[in-house]
Amino acid sequence: QICNQHNAEAPNLEQAFHRMAQTEPNLDHDVSWFLLPSYWAKMVVALISFLCFANSYDGDFVFDDSEAIINNKDLKAETPLGDLWHHDFWGSKLSSNTSHKSYRPLTVLTFRINYLFAGGFYPVGFHVINIILHCTISVLMVDVFSILLGGLQFSNKGRRLNLAPKTSLLAALLFAVHPVHTECVAGIVGRADLLCALFFLLSFLGYCKAFRENKEGHNFSIFWVLVSVILGAIAMLCKEQGITILGLNAVFDAVVINKLNVLELIQKLLHKDKSLENAWLLRKGLLFRITLLMSGGASILYIRWRIMGTGPPAFTEVDNPASFADSLFVRAINYNYYYSLNAWLLLCPWWLCFDWSMGCIPLIKTVSDWRIIALAALWFCLIGLICQALCSEDSHKRRILSLGLGFLIIPFLPASNLFFRVGFVIAERVIYLPSIGYCILFTYGFSLLSKQAKKKKILAVAVLGILLINITRCALRSSQWRSEEQLFRSALSVCPLNAKVHYNVGKNLADKGNQSAAIKYYREAVRLNPKYVHAMNNLGNILKERNELQEAEELLSLAVQIQPDFAAAWMNLGIVQNSLRRFEEAEQSYWTAIKHRKKYPDCYYNLGRLYADLNRHIDALNAWRNATVLKPEHSLAWNNMIILLDNTGNLAQAEAVGREALELIPNDHSLMFSLANVLGKSQKYKESEALFLKAIKANPNAASYHGNLAVLYHRWGNLDLAKKHYEVSLKLDPVAPGTKENYNLLRRKLEQLQKKG
């Protein structure tokens with residue numbers, strides 16, 4: 001559908017487009033930079049953006065990737081596709097009170113496609129897609145910056161002209177190589193920001209197409225305005241920031257299409273200038289388009305709110321301490337300080353960290369804090385730029401500064417804490433879109449300096465040096481994102497006061513078996529944040545394994561005192577109490593854990609072990625059965641049921657449970673071993689032998705497998721095979737209990753047979 005407007009007194013929009021190149025100064029005129037054809041410019045941008053992040057292609061799943069990808073059931077084929085529309089980014093139901101309310105179904109869908117094509121959790125495919133997305137976005141930025149810096153101009157054939165080829169190339173290069181983008185590209189969960197940015201830019205370019213000339217001389221196309229709204233909705237389904245493109249399209253329409261001069265408009269309103277009446281048709285077109293954008297945005301937000309089902313997510317004080325401050329003054333001061341730090345990361349992206357919470361940035365509580373200077377500097381610069389954007393007599397300057405500030409500020413608003421509390425202090429990923437505004441302002445500043453400078457080439461070399469430094473920084477930072485160990489350790493120098501950094505370093509060391517070093521970092525995490533219950537829980541676990549039960553109990557008791565609904569800490573406390581033989585307290589702790597987490601198979605498993613120790617066999621079997629109902633692949637629970645039934649002489653029931661378990665987990669060698677033992681006692685030697693051999697094939701170095709198979713052959717009368725497997729078992733474990741005695745018995749029997757022979 002095409003909207004026609006005719007006004008004899010007001011200039012036609014199409015004529016205004018034709019005059020733009022002549023009436024406005026060319027930003028490229030005084031800039032000493034590379035002039036390349038559009039195709040080659042895009043190739044250069046694509047190549048350089050690829051080089052920046054190429055070394056992240058073979059990285060591991062790190063940090064949030066575990067929760068968003070590896071532990072996310074929505075990626076598995078057995079999860080119905082429809083569930084993606086009712087779950088958050090992490091796979092939890094949106095209606096749940098524990099949900100983070102991050103609604104990004106299209107991003108999760110791309111993860112699912114990655115998983116299905118790769119045939120499992122292989123990170124290379126995930127990383128490659130992220131790199132390709134960033135390269136694509138960087139290429140699109142050439143067209144976007146050509147509009148933002150050079151204006152919207154079409155040829156007679158309806159082809160858009162690039163009136164700023166040099167500066168648009170520079171701005172696109174600045175965007176492509178900015179180190180703050182590393183988290184989005186090298187971290188797989190950054191896919192949300194990349195997909196959001198892709199559709200964000202497509203929405204903007206689609207909106208620009210609404211003003212494309214055609215033969216009939218129509219002024220704008222409603223079709224492309226609606227396409228822009230739809231692309232904005234898709235961007236929001238990738239990440240929440242996407243909705244802000246509708247506001248930016250409105251700003252672009254007012255500033256570029258309608259050449260709105262806010263200062264002049266205010267002056268005319270104050271003087272009741274009747275000339276405003278002559279432009280009512282033009283205003284009607286603008287208001288109509290903005291109405292379409294606002295209606296679309298309101299509809300999208302309403303649907304999003306309906307799907308979300310409940311209020312905003314519940315974050316903790318450690319996630320965003322400023323938002324929990326009682327004083328409005330403290331909240332306002334710290335929010336503004338966070339803004340200044342985000343601005344600094346755009347200007348000087350050298351100190352980068354995967355997490356800025358938990359004491360990384362101490363709160364400003366008084367005006368005497370010297371960090372107030374950063375806040376004042378930010379607003380001094382912003383107010384100066386805003387004044388120039390609104391009051392400058394140079395329409396070219398007004399347009400570029402307005403668009404630069406718009407792209408800098410508007411996409412950042414969802415992360416600003418102004419409308420709702422967010423779950424972070426600073427997140428480098430949320431600066432991906434605002435960096436567009438930074439690149440506009442940097443490039444415009446460069447053009448102004450070039451205009452004044454006598455030696456323009458020196459200035460160009462300096463900018464080229466900045467690009468090279470950023471490329472180097474991107475490559476270095478990408479290598480840090482390749483593994484959790486490098487990523488977490490890189491943060492120690494940036495945020496030494498961040499308890500979460502020490503916690504993650506400790507967790508990584510513990511996963512690698514270095515418990516002594518892990519204890520050191522866990523203790524530091526607890527020292528920095530005495531209420532850090534997860535650090536207490538993990539430290540308590542390690543101390544429990546090292547049999548330091550007293551301190552483990554103290555830590556876990558403190559953790560559940562601080563956070564009474566911390567189910568994992570209650571379960572671990574129960575394990576410690578069980579080890580201390582305080583069985584009643586242990587049972588109470590297990591049931592408290594289950595109370596706070598209804599579906600807790602590991603807790604039922606440990607509860608079963610407690611009941612087995614107390615010879616409460618029926619209760620133990622029931623607890624383990626609950627564990628397998630909640631988690632059918634819970635091998636330990638199945639094994640314990642088989643062993644308990646075997647030990648109590650219930651061979652038929654043990655066999656039935658073993659067969660049921662192997663149907664669910666057919667490749668579990670420990671289950672094969674347990675069932676083989678039962679079948680051997682039931683004199684089903686042939687079937688028992690087959691299971692033993694299958695278990696040994698899966699795990700050939702298990703001494704007990706060979707030892708028990710030897711016992712089977714010994715009973716069965718296959719003495720040579722029994723001798724062979726006894727010897728293998730003793731070679732693998734010379735002190736295996738009972739094996740040496742059985743082997744000696746067999747040897748004596750063989751010697752007797754030889755004598756008789």
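Here are some notes on the predicted model, point by point.

1. **Ground rules.** Because this is a predicted model, local features need pLDDT of at least 70 and side-chain atom pairs count only at pLDDT 80 or more, while totals for chains, interfaces and linings use all residues. Residues are numbered from 1 along each chain as its sequence is written, and side-chain values use heavy atoms, with hydrogens and water left out.

2. **The repeats.** UniProt, in an unreviewed entry, lists "repeat: TPR" for residues 499-532, 533-566, 601-634 and 703-736. Those positions are in the numbering used here, the feature names are shortened, and annotations may be inferred rather than shown by experiment. In the model, residues 499-532 are 79% helix and 0% strand, with end C-alpha atoms 8 Å apart. For residues 703-736 the figures are 82% helix and 0% strand, and the end C-alpha atoms lie 8 Å apart. Helices (H or I, at least four residues) and strands (E, at least two) are DSSP runs, numbered from the N terminus.

3. **The disulfide.** How many disulfides are there, taking a pair of cysteine sulfur atoms within 2.5 Å as the rule? The count is one, and it joins Cys-360 to Cys-495, with S to S at 1.8 Å. Cys-360 sits in the loop between helix H13 (328-347) and helix H14 (372-391), and Cys-495 in the loop between helix H18 (484-494) and helix H19 (499-511), so the bond ties together parts that are 135 residues apart in sequence. Both Cys-360 and Cys-495 are buried; buried means under 20% relative accessible area, exposed over 50%, and partly exposed in between (1.4 Å probe, protein chains only).

4. Cys-474 is buried, at a relative accessible area of 0%. For Cys-348, the closest cysteine sulfur is in Cys-474, 13 Å away and too far for a bond. Cys-348 counts as partly exposed because its relative accessibility is 24%.

5. **The nonpolar cores.** A nonpolar core here is a set of buried Ala, Val, Leu, Ile, Met, Phe, Trp, Tyr and Cys residues joined through side-chain atoms within 4.5 Å. The largest has 219 residues, and Phe-145, Phe-204, Phe-252 and Ile-436 touch the most other members. Helix H5 (residues 123-150) gives the largest share of this core, 12 residues. Another core, of 13 residues, lies apart from it and includes Leu-75, Phe-89, Val-108 and Tyr-115.

6. Contact means heavy atoms within 4.5 Å. Ser-138 is in helix H5, and it is buried because its relative accessibility is 0%. Leaving out residues up to four places away in sequence, Ser-138 touches Val-45, Ser-49, Ala-172, Phe-175 and Ala-176. Asn-504 is in helix H19 and also counts as buried, at 9% relative accessibility. Beyond its neighbours within four places in sequence, Asn-504 is in contact with Phe-63, Phe-354 and Phe-488.

7. **A pocket and the cavities.** On a 1 Å grid over the protein atoms alone, a cavity is a set of points where a 1.4 Å probe fits but cannot get out; a pocket is an open set with protein on both sides within 12 Å along at least five of seven lines, and lining residues have an atom within 4 Å of a point. Grid points are joined across faces, edges and corners, and a volume is the space filled by probe spheres set on the points. The second largest pocket has a volume of about 1200 Å³. It is lined by 43 residues, and the closest to its centre are Ala-343, Leu-378, Leu-382, Leu-385 and Leu-408. H14 gives the most to this lining, with 12 residues.

8. **Backbone spots to look at.** Most residues other than glycine have a negative phi. Lys-259 has a positive phi of about 50° although it is not a glycine, and it lies in the loop between helix H10 (244-257) and helix H11 (262-270). Gln-683, with a positive phi near 65°, lies in the loop between helix H29 (669-681) and helix H30 (685-698). Lys-259 is partly exposed, at 37% relative accessibility, whereas Gln-683 is exposed, at 59%.

Key. A disulfide is a pair of cysteine sulfur atoms within 2.5 Å.
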